[in-house]
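Here is a short tour for someone meeting this protein for the first time. Have a look at the sequence and the 3D view, and then we'll walk through some of its features.

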Amino acid sequence: MLSITGELKKVKSAFVNQVLGYAPIPATAFIEVNYDCMLRCKMCQLWTKDFKKNRIGDSEILSQTEIKKVIDEFASVGIKNIFFLGGEPFQRKDLLDFIKYCKSKALSCATVSNGYLIGEDLANKIVLSNLDILAVSIDGPNSEIHDRIRGVKGSFDHAVRAIRLIKKRQKELNTELPAVAIACTVSSNNFLNLPEMVDLAKSLDVRQIRFQYISVIDRNIVDQTNQMMGEQVVGVHNFVDIPPTFLVPKEQIEKLEDVLEEIKRKAGTQVECHLDPGFHTNNKSFLEKGTFPVWDCTEPWLRAYMTPTGDFMPCPMFTDYNMGNIRDKSFEAIWNSKRARKIRKRLTRGLPPICQRCCVVHNGTQSRWKKLYRRLYGGTP
């Protein structure tokens with residue numbers, strides 16, 4: 001009897017969440033604080049001339065007061081984790097105020113930085129802020145590789161110096177916050193050098209590396225996605241028009257097992273390496289093509305994404321789909337609004353092509369009931 005009751009509850013939950021498009025309040029929210037960056041990364045369009053103009057237009061980015069009000073609301077509805085993203089988040093002079101405000105609300109707080117602006121003074125302030133996690137983007141074990149990818153000479157030295165300064169201040173204050181991690185975007189430019197990234201982490205006393213495979217999206221994928229979704233959900237995106245040569249080529253992929261084994265050997269118990277699920281696939285052609293078997297996704301149900309102007313989008317890929325703006329409605333009203341439920345219901349019927357090139361999810365299998373639902377309602381199998 002108990003098992004039947006449990007299964008009925010699961011069916012009811014699936015119906016409410018998937019078929020009707022409702023979602024419980026998420027535990028995690030991402031706040032984009034700006035679209036400004038001093039680097040010129042080859043695998044990102046954010047710094048290009050028209051990106052900011054097209055994404056923000058004539059709108060004003062949220063002020064410090066407005067973002068603090070958003071944090072207040074997030075805390076009041078039960079959100080526990082806040083991630084501040086950019087651009088380069090530290091180009092906002094008030095980022096540390098947001099971090100300290102989050103901590104005053106007992107919220108876990110994290111950010112990702114290229115480290116370029118972190119000198120002694122800022123490193124000290126970051127450590128004193130009680131930031132929980134700081135991920136520093138480093139895409140090569142040396143300046144030659146990293147600076148070539150990031151497009152600015154000296155960017156590697158700045159990133160390494162930032163980590164060393166933070167580690168030095170942590171030691172002086174006898175604290176382990178923030179937990180420092182290295183975020184590495186994997187491409188043809190650095191794939192064979194990934195084991196050396198572990199050596200770099202050890203030399204900097206960094207205990208965690210996240211290896212994320214690059215996303216490469218062409219205009220055809222964008223057009224197909226918008227057509228399938230029945231409206232423009234993707235427009236100006238920082239991963240559109242990245243050269244396909246950035247995908248790891250077949251001759252490098254053939255060495256996948258050797259690269260992974262060397263990463264594991266070097267990391268040992270000292271460095272925790274989070275490898276993109278795409279590297280564990282039995283079909284290496286997924287890596288070569290940059291297209292993954294993503295047939296299901298939970299992002300629009302589990303995480304909130306807010307742009308610098310206060311728009312909420314369902315995920316990092318559907319940048320033009322606005323579920324509502326925080327200046328017009330409360331977060332709770334936006335989260336299960338008609339627009340929010342519409343996109344969730346649509347994704348339940350099947351995912352468009354851009355989802356197979358997602359920057360977040362590189363795997364996702366369908367449940368049995370969802371396969372049946374998609375067959376009944378004519379969605380993507």
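## Ground rules

A residue is called buried when its relative accessible area is under 20%, exposed when over 50%, and partly exposed in between, using a 1.4 Å probe and the protein chains only. Helices (H or I, at least four residues) and strands (E, at least two) are DSSP runs, numbered from the N terminus.

What you see is a predicted model, in which local features need pLDDT of at least 70, side-chain atom pairs count only at pLDDT 80 or more, and totals for chains, interfaces and linings use all residues. Residues are numbered from 1 along each chain as its sequence is written, and side-chain values use heavy atoms, with hydrogens and water left out.

## The big picture

The protein has 16 helices and nine strands. Of its 381 residues, 51% count as buried. Its accessible surface comes to about 18,100 Å², and carbon and sulfur atoms hold 51% of that; such areas come from the Shrake-Rupley method with a 1.4 Å probe, and for residues only the protein chains shown count as cover.

Next, contacts, meaning heavy atoms within 4.5 Å. Take the contacts between residues at least 6 apart in sequence: 76% of them join residues at least 24 apart.

The mean pLDDT here is 87, and 89% of the residues reach 70 or more. Over residues 364-381, though, pLDDT stays under 50, and the model has 37 contacts beyond four places in sequence for that stretch.

Rolling a probe the size of a water molecule over the atoms shows where empty space is left.

Helix H15 covers residues 338-348, and its buried residues are Ala340, Arg341, Ile343, Arg344, Arg346, Leu347 and Thr348. Just after H15, Gly350 takes a positive phi of about 150 degrees.

Leu200 is found in helix H8 (residues 194-203). Why does Leu200 count as buried? Because its relative accessibility is 10%. Leaving out residues up to four places away in sequence, Leu200 touches Ile138, Gly140, Pro141, Phe156 and Val160. Ile182 is 18 residues from Leu200 along the chain, and their C-alpha atoms are separated by 9.6 Å.

## Loops with a tucked-in residue

Ser215 sits in the loop between strand S6 (208-213) and helix H9 (219-229), and it counts as buried because its relative accessibility is 4%. Ser215 and Val360 are 145 residues apart in sequence, yet 9.1 Å apart in space, C-alpha to C-alpha.

Thr307 lies in the loop between strands S8 (303-306) and S9 (312-313). With a relative accessible area of 8%, Thr307 is buried. Setting aside neighbours within four places in sequence, Thr307 is in contact with Glu32, Tyr35, Leu62 and Met313.

Most residues other than glycine have a negative phi, and most peptide bonds are trans. Now for some exceptions. A cis peptide bond joins Gly86 and Gly87, with omega about 15 degrees; Gly87 is in the loop between strand S2 (81-85) and helix H4 (95-104). Another cis bond joins Leu177 and Pro178, with omega about -5 degrees.

That Pro178 belongs to the loop between helix H7 (155-173) and strand S5 (179-186), and Asn174 lies in the loop between H7 and S5 too. Asn174 is not a glycine, but has a positive phi of about 55 degrees. Is Asn174 buried or exposed? Exposed, with a relative accessible area of 71%. Asn130, in the loop between helix H5 (120-128) and strand S4 (133-137), has a positive phi near 65 degrees and is partly exposed at 39%.

Terms used: pLDDT = per-residue confidence, 0-100.
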